[in-house]
Amino acid sequence: MIQKETIILEKCPNLILGCLTGKVTVESTNEELRNYISEKLKIIPEERNLESVSQFPTIRTTRDAYRTLGKKPGRYRPSAEALTRRILQGKGLYEVNNFVDCLNLISILSGFSIGGYDLEKIQGLIRLGKGNENEPYEAIGRGALNIHNLPILRDDLGAFGSPTSDSVRTMITENTKQFLMVFFNFGGHENLKFWMSESQKLFREFAAGNDFKFKCY
């Protein structure tokens, strides 16, 4: 499903992309999910702190990949790091919908930056490459994002995903029926399949998830 371009194969040889697809019912976050997330996130301040969050293994290897590709990870933080910092700063996890909130929880717990996309909005072959200078990209909640030298997912219509921020074009909404979830595992960490399995459990419980398929590239 995803083809790695030469620059990625050369600069990020340990990268494994974990791809999970399935069907879900996307709706507003309910109280049950809200309480579940709150309980799970209690462990984060006990295990991590702001001074060392960048050294969490899965976050550290993503930051290393950014530097290798020519992007400053401190300025364009991988999403898992940004979310974790938010929790450690006491800001809590903002609510989007049941699917995105489950995805963000998995990202925080695992340290993997994860993309979540409406599969029906993706056209043609998916390729992972490096962002070009002045390449257009409208990030969710951020507007125009400078993706030059960021790892970038593209389809036939252009860039639509990165470990820093997903794009508006392929974002998950309450109209989404089929999804693609991409784990960016730059360090080849062995716990990838565990967290993909945990994602399926959450989607089954909180988003009527079914028909799951996963594959690593």
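In what order do the 4 strands of the open sheet stand, and what is the pairing?

Modeller: The model is a predicted one. Its open sheet consists of 4 strands in the order E1-E4-E7-E8, and their pairing is mixed. From one strand to the next, the twist averages 40°. Strand E7 (residues 151-155) and E8 run antiparallel and are joined by 3 bridges. Arg154 stands opposite Ala159 in E8.

As to the surroundings, the largest nonpolar core has 36 residues, and those with the most contacts inside it are Leu41, Phe99, Phe179, Met181, Phe183 and Phe203. Among the elements that give two or more residues to this core are helix H2 (31-41), helix H6 (98-110) and strand E9 (178-185). H6 gives the most, with 8 residues. Phe99 touches Val24, Val26, Gly116, Ile172, Phe179 and Phe203, if residues up to four places away in sequence are not counted. Apart from this core lies another, of 18 residues, including Ile8, Leu69, Leu153 and Val182.

H2 and H6 also pack against each other, at an angle of about 10° and with their axes 11 Å apart. H2 is therefore roughly parallel to H6. On the H2 side, Leu33, Tyr36, Ile37, Lys40 and Leu41 take part, and they meet Asn98, Asp101, Cys102, Leu105, Ile108 and Leu109 in H6. By class, this contact of H2 with H6 comprises 8 nonpolar, 1 polar and 2 charged residues.

Terms used
Residues are numbered from 1 along each chain as its sequence is written. This is a predicted model: local features need pLDDT of at least 70, side-chain atom pairs count only at pLDDT 80 or more; totals for chains, interfaces and linings use all residues. Side-chain values use heavy atoms; hydrogens and water are left out. A nonpolar core is a set of buried Ala, Val, Leu, Ile, Met, Phe, Trp, Tyr and Cys residues joined through side-chain atoms within 4.5 Å. Buried means under 20% relative accessible area, exposed over 50%, partly exposed in between (1.4 Å probe, protein chains only). Contact means heavy atoms within 4.5 Å. Axes are lines fitted to C-alpha atoms, for helices over the stretch in contact, and angles run from 0 to 180 degrees between N-to-C directions. Angles under 35 degrees count as roughly parallel, over 145 as roughly antiparallel, 65 to 115 as roughly perpendicular and the rest as oblique. Ala, Val, Leu, Ile, Met, Phe, Trp, Tyr, Cys and Pro count as nonpolar, Asp, Glu, Lys and Arg as charged, and the others, Gly among them, as polar. Two strands pair if DSSP finds at least two bridges between them.
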